Amino acid sequence: ERGDALPRDLAGRRVVVSAGGTREALDPVRYLGNRSSGRQGYALARVAAQRGAHVTLVAAHTADLGDPAAVDVVRVGSALELRDAMHAAAKGADAVVMAAAVADFRPDALAAHKIKKDGSEPPPLRLALNPDILVELVAAREPGQVVVGFAAETGDETGDPLHHGRAKLSRKGCDLLVVNAVGDGRAFEVPDNAGWLLGADGTELELESGSKALLASRVWDAVATRLA
Ligand code: CTP
Ligand code: CA
């Protein structure tokens, strides 16, 4: 979809999108990270700006992506930095979308100096739980604000990806949850997404396989409906 063909239905709205993967420092030169490219969050930010929104993009580590035009970009590293930036940006916003891949855990201590392999036993890697930023944003949600989460789910012995997505939607309490079915090399580092857009109101929209820009359009369609 060309930007100039998009509706201007987000004009006058302020939206916040997180993108990329957090990096959790272990020592001054090392971190725990993940493979998120940030492409979906960037597509969400770009499409929202094209539809007239004022957009703040809170970007953790991403692939080498150019800043979307006419978007305010705030760069963060760790989950704790992302959390602070999201809470600040969410104040007064009409919609908040958590597309970032937030590390569930961080090293429970940041070593002041580079960890050396001088002992015979490798040192244990102790982890601390990161806050659930999406759950916090839902708890802090202002009247009328729409909060959107993302989930990449695989099927397992307890259920298929849609089943896990429904459970996650109710656990998180957000208004919308984008569920991507993963496995077989889908979703990570590939251009296409497919899955479901689940609403807290019980609506379930199947998302055809398509570009991240197309998925972004589907998400903003649902957000615009809820803001109207
Ligand atoms: N998320 C968040 N803060 C965290 C972890 C996740 O805000 N500490 C957000 C993600 O940005 C995403 C949504 O929550 O929008 C779902 O992330 P996911 O990792 O699927 O959920 P978890 O609750 O961490 O569950 P899981 O054990 O399946 O990883
Ligand atoms: Ca997680």
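## What holds on to ligand 1

Which backbone N or O atom lies 2.9 Å from an oxygen atom of ligand 1? That atom belongs to Phe-150. Before going further, a word on ground rules: this is a predicted model, where local features need pLDDT of at least 70 and side-chain atom pairs count only at pLDDT 80 or more, while totals for chains, interfaces and linings use all residues. Residues are numbered from 1 along each chain as its sequence is written, chains are lettered from A and ligands numbered from 1 in the order in which they are written, and side-chain values use heavy atoms, with hydrogens and water left out.

Back to the ligand. A backbone N or O atom of Pro-131 sits 2.8 Å from a nitrogen atom of ligand 1, and an N or O atom in the side chain of Asp-104 is 3.0 Å from one of the ligand's oxygen atoms. On its own, ligand 1 exposes 570 Å², and the protein buries 75% of that. These areas come from the Shrake-Rupley method with a 1.4 Å probe; for residues, only the protein chains shown count as cover.

## The shell around ligand 1

There are 13 residues around ligand 1, and those that come nearest are Met-98, Pro-131, Leu-134, Lys-168 and Lys-172. To be near here, a residue needs a heavy atom within 4 Å of the molecule. The shell divides into eight nonpolar residues, one polar and four charged.

Helix H3 (133-139), strand E9 and helix H4 (161-172) each supply at least two shell residues. E9 gives the most, with three. The element names follow DSSP runs, numbered from the N terminus: helices (H or I) have at least four residues and strands (E) at least two.

## The calcium ion

Asp-104 turns up again at ligand 2, the calcium ion, which is coordinated by Asp-104 (OD) and Asp-104 (OD), at 2.5 Å. Donors are N, O and S atoms within 2.8 Å of the metal (3.2 Å for Na, K and Ca), and water is not among the atoms, so the site may look incomplete. Asp-104 itself is found in the loop between E6 and strand E7 (105-107).

## Strands side by side

Strand E6 (residues 95-98) points Ala-95 and Val-97 one way and Val-96 and Met-98 the other, and all are buried. Buried means under 20% relative accessible area, exposed means over 50%, and partly exposed is in between (1.4 Å probe, protein chains only). In a regular strand the side chains alternate between the two faces of the sheet.

E6 runs parallel to strand E1 (residues 14-19), joined by four bridges, with Val-16 opposite Val-96. Four bridges also join E6 to strand E9 (residues 146-153), again in parallel, and there Ala-95 has Val-146 as its bridge partner. Two strands pair if DSSP finds at least two bridges between them. E9 in turn pairs with E10 in the parallel sense over six bridges, and Phe-150 has Val-178 as its partner in E10. Strand E10 (residues 176-181) is largely enclosed by the rest of the structure, because six of its six residues are buried.

## Two aspartates with polar contacts

Asp-27, in strand E2 (residues 24-27), is buried, with a relative accessible area of 2%. A polar atom of the Asp-27 side chain lies 2.9 Å from the backbone nitrogen of Val-29, and one lies 2.9 Å from the backbone nitrogen of Ile-115.

Asp-175 is found in the loop between H4 and E10. Its side chain makes a polar contact with the side chain of Arg-141 (2.9 Å) and reaches the backbone nitrogen of Val-147 at 2.8 Å. A polar contact is a pair of N or O atoms within 3.5 Å; within protein, one must be able to donate a hydrogen and the other to accept it, and residues adjacent in sequence count only if both atoms are side-chain atoms.

Ala-70 has a positive phi of about 60° although it is not a glycine. Most residues other than glycine have a negative phi. Ala-70 is found in the loop between strand E4 (54-59) and strand E5 (71-75), and at 75% relative accessibility Ala-70 counts as exposed.

Notes:
Nonpolar A, V, L, I, M, F, W, Y, C, P; charged D, E, K, R; others polar.
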